[in-house]
Structure formats: C-alpha cells, structure tokens
Amino acid sequence: MTQIEKRMPKKLLFAANWKMNKLVGETPEFVQRLTGLLADIPEKLGSEYQVVIGAPATHLTLLIKSLKDSSLEASAQNSGVAKFGAYTGEISPAMLKDIGCGWTIVGHSERRHFFKEDDLLVLSRTKAALEEGLKVILCVGEVLQERNSGKTTRVIENQLSILKQNQIDPSLFENLVIAYEPVWAIGTGETATPAQAQEVHHHIRSWCAKNLSDQASSIRILYGGSVKPENSQQILSQPDVDGLLVGGASLDPVVFANLVKNGLKSRTTKKEL
Ligand code: PGA
C-alpha cells in the first residue's frame, strides 16, 4: 500500500452551492430548518463533518448572521483577484473577509463555460483568496466529449497545473479544497458512478502528492454532480472522496439534511443515524 492509500480519513465536507437561487429573505428560515434537522446527528459524529453553504453575494451577510450560533459556515460562489480596484462587478476576498465570510468557490464549471473564465484567471482568484486567508473550493472537471475521448485525466491535470507554478505559498494549501465536478453530471441527474469518481479522485490525490509540496496532503477532494440523498453514502464510501459539492439537492433543507445524514453513514458501522 502506498502512503496515499494509507492516509487518515479527513473531516467530511458537505458544501451547498445555491447558485443563483433563493431570495435573501428565505435565508433565515432555511438555516433554522437545516440546523434543526442536523441537530439529531449524534454528537460523536460532530467532529466527522462540516457544512458550508455557498450563497449569492447578496445573501451572505444575513446568512452569516443566521449561522452565528451554529457550526455551519458560509461561502461565496466566486471572488476577485485583487483587494480593491477598478474591477466592476467583482467582490474581493478582503470584502468577503470583512463581512465574516471564510470561504469561496472558484473555477466552477458555470464560471468557466458561461463566463469564459480560463485557468489563469482561476489561478489568480485562487491565489488572491488564499492569501487573504479564505478557504477555497477550486472546481475542476471534464465535459462529456473529453471523457468519451479518454481525455479526462489530461483535462484535470491541465486545470490543476496552475497550482504548480510556484505562485502559491505551499503553507496555504491547508486552506485549499479541490472539487471534482464532471461537467456532464452537473444539474443533469446523471451522476458519475462511485468507481468513476474514485478513479479521478485518486488521480487528483496522486497528482497533488507528486507535483505539489508535502503540505498538499491536507487537501480535501470533493465530488460534485447530481449528488442526492440516495447516492451520497455510496459516493462518500470511496476512499478518496472527502466530501460533496451539492447544487440542486442543497436548495431544500430536508433534502440536504438527508443527504448529509446518509453521507455520514459512510463513516459509521452502527445504526447511529
Ligand atoms: P448539481 O450541481 O448538484 O445540481 O449537479 C453541482 C454543482 O454545480 O456544484
């Protein structure tokens, strides 16, 4: 067994990605219902998982206020490349930090494909956010045509190669999370099989071990793409899947809570949930 295979299990990360959904006023009730539903998770499993909610920028202040007495955290869905300046429409990592937001998502496939964000821009966003002390969920993933033509690992390696350009201080990797989101599985109802997810996650972990510093061993790798309560346990049972990035199934607190609870069954042998 290699060192990679023997690694200690990491705290599972369940990251909700609301995308451009919900109105600000819906936020407190969502939080109240979700935290209520998660409250019956046995305390001893509390240290096994973490929940982060990625909301539109307009919702973040109220979301953070609503999460104040819980262990859940808030995330932005993108963040800028500089602290301040002439970047119309952007929100800087410093501004997110200022309102108490500790997380951001960068390089989501919708940013890459609809808004033409390329690897260099994604690197700049990643670097700026990490240097400001934010935790970053960096998304990578192939489109169907790339998978069908056997290019999945090459595409992922290209997207990750930005990390090895020595531009990011290795000590900041402890705040980095990578999300593998096959583009063909996002919002389509078609999920990668657990084996397909495991194969790519293992490849990402090996790539990080080979190409980044030792500090990269702390990087968690999430799977995203049509995750639901029905498949969260199976996907999380794969040894290299450290969490889930969830779009559609994160919009309803009952569905998302069930997804978290089922996912946690991958960490417990007894009927604790
Ligand atoms: P989905 O979205 O769960 O609706 O497929 C995942 C994502 O885009 O992060």
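Okay, one definition before anything else: when I say buried, I mean under 20% relative accessible area, and exposed means over 50%, with partly exposed in between. Also keep in mind that this is a predicted model.

With that cut-off, take Trp18. Its relative accessible area is 0%, so Trp18 is buried. Phe30 comes out at 3%, so Phe30 is buried as well.

The whole structure has four aromatic pairs, and Trp18 with Phe30 is an edge-to-face one, with 4.9 Å centre to centre and 80° between the planes. What does the pair tie together? Trp18 is in the loop between strand E1 (12-17) and helix H1 (27-38), while Phe30 is in helix H1, so the contact links parts that are twelve residues apart in sequence.

There's another pair to look at, Phe114 and Phe115. Their ring centres are 6.5 Å apart and the planes sit at 80°, so this pair is edge-to-face too. Phe114 has 62% relative accessibility, so Phe114 counts as exposed.

Now, charges over rings. Lys22 lies over the face of Trp18, 5.3 Å from the ring centre. Over on Phe115, Arg111 lies over the ring face at 4.1 Å from the centre.

On to the ligand. Which residues come nearest to the ligand? Out of 13 residues around it, the answer is Lys19, His108, Glu181, Gly187 and Ser226. As for cover, the ligand on its own has 280 Å² of accessible area, and the protein covers 95% of that. And the make-up of the shell? Four residues are nonpolar, seven are polar and two are charged.

Last stop, Gln233, which sits in helix H9 (residues 232-236). Is Gln233 buried, exposed or partly exposed? Its relative accessibility is 34%, so Gln233 falls in the partly exposed class. Gln233 and Arg267 are 34 residues apart in sequence, and their C-alpha atoms are 8.9 Å apart in space.

That's my tour, so over to you.

Conventions: Residues are numbered from 1 along each chain as its sequence is written. This is a predicted model: local features need pLDDT of at least 70, side-chain atom pairs count only at pLDDT 80 or more; totals for chains, interfaces and linings use all residues. Side-chain values use heavy atoms; hydrogens and water are left out. A residue is near a molecule or strand if one of its heavy atoms lies within 4 Å of it. Accessible areas come from the Shrake-Rupley method with a 1.4 Å probe; for residues, only the protein chains shown count as cover. Ala, Val, Leu, Ile, Met, Phe, Trp, Tyr, Cys and Pro count as nonpolar, Asp, Glu, Lys and Arg as charged, and the others, Gly among them, as polar. Rings of Phe, Tyr and Trp (its six-membered ring) pair if their centres lie within 6.5 Å; planes under 30 degrees apart count as stacked, over 60 as edge-to-face and the rest as tilted. Helices (H or I, at least four residues) and strands (E, at least two) are DSSP runs, numbered from the N terminus. Buried means under 20% relative accessible area, exposed over 50%, partly exposed in between (1.4 Å probe, protein chains only). A charge sits over a ring if NZ of Lys or CZ of Arg is within 6 Å of the ring centre and within 35 degrees of the ring normal.
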